[in-house]
Amino acid sequence: MRVLVLVSGGGTNLQAIIDAVADGTITNTEIVGVISNNHGVYSLERAKKAGIKNEVISPKDFPDRSSFNKAFLAKLDEYKPDLIVLAGFLVVIPEMVIDKYEGKIINIHPSLIPSFCGTGYYGLKVHKAALERGVKVSGATVHFVDAGTDTGPIILQKAVYIEEGDTPEILQKRIMEQAEWKILPQAIDLIANGKVVYKKTGDMRN
């Protein structure tokens, strides 16, 4: 399975995928490329170190969003991906991309959807909201991407307990280590081996 990973920042989830392919946790899979919307981010260095083709395509480099959307889709097409993984990619995916790659895009979100998700919930904002609400358990979710925000079918979830004295930063790190870096590679492996198939509703497990 040809996997294309989209990133915006440091790329810790990207590293988890790279390591899982290398150690055989993810099977039948090749990472064919890494694309970022930001220049100079460490995720590009991670890809380079792993010998993976990497490049930047940013909305800032285009006169308008329509021009970017067309160029973005054309760039994705170049890689002929079987699966597109959003590993901390903070760009709204154009509708034309979702239409063309329906059932072939997955995202990792740092909460137990449907809690603390949707428009405006990303990065530390998710963990801040969870702590302010006083929940006892948070976690992470891997889901297919559809036209909504964090509304696509759920593939995997993992719960993480909130502890006394947690800050958004501490909680973010624990959820990454205990949930995100585990279930994202697991989801990719399930898809690569035909154990999860995309359906708009209902159970996706074969």
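This is a short tour of the packing inside a predicted model.

**Stop 1: the largest core.** Select Val-5, Val-85, Ile-106, Ile-155, Leu-184 and Ile-188. These residues touch the most other members of the largest nonpolar core, which has 34 residues. Next, colour the elements that each supply at least two residues of this core: strands E1 (2-7), E2 (30-36), E4 (83-86), E5 (105-109), E6 (137-144) and E7 (154-161), with helices H1 (12-23) and H6 (168-192). Which element gives the largest share of this core? Helix H6 does, with 9 residues.

**Stop 2: Ile-106.** Centre the view on Ile-106 and show what surrounds it. Beyond its neighbours within four places in sequence, Ile-106 is in contact with Leu-83, Ile-84, Val-85 and Leu-86, and also with Val-142, His-143, Phe-144 and Val-145. Ile-155, Leu-184, Ile-188 and Ile-191 are contacts of Ile-106 as well.

**Stop 3: the second core.** Select Leu-86, Ile-93, Tyr-101 and Val-145. They are among the 20 residues of a second, separate core.

**Stop 4: H1 against H6.** Hide everything except H1 and H6. Their axes lie 9 Å apart and the helices pack at an angle of about 50°. An angle between 35 and 65 degrees counts as oblique, so H1 and H6 are oblique to each other. Their crossing is right-handed.

Now show the side chains at the contact. On H1, select Thr-12, Asn-13, Ala-16, Ile-17 and Ala-20; on H6, select Met-176, Glu-180, Trp-181, Leu-184, Pro-185 and Ile-188. How many residues of each class make up this contact? There are 8 nonpolar, 2 polar and 1 charged.

Methods
Residues are numbered from 1 along each chain as its sequence is written. This is a predicted model: local features need pLDDT of at least 70, side-chain atom pairs count only at pLDDT 80 or more; totals for chains, interfaces and linings use all residues. Side-chain values use heavy atoms; hydrogens and water are left out. A nonpolar core is a set of buried Ala, Val, Leu, Ile, Met, Phe, Trp, Tyr and Cys residues joined through side-chain atoms within 4.5 Å. Buried means under 20% relative accessible area, exposed over 50%, partly exposed in between (1.4 Å probe, protein chains only). Helices (H or I, at least four residues) and strands (E, at least two) are DSSP runs, numbered from the N terminus. Contact means heavy atoms within 4.5 Å. Axes are lines fitted to C-alpha atoms, for helices over the stretch in contact, and angles run from 0 to 180 degrees between N-to-C directions. Angles under 35 degrees count as roughly parallel, over 145 as roughly antiparallel, 65 to 115 as roughly perpendicular and the rest as oblique. A crossing is left-handed if the near helix is turned anticlockwise from the far one by less than a right angle, and right-handed if clockwise. Ala, Val, Leu, Ile, Met, Phe, Trp, Tyr, Cys and Pro count as nonpolar, Asp, Glu, Lys and Arg as charged, and the others, Gly among them, as polar.
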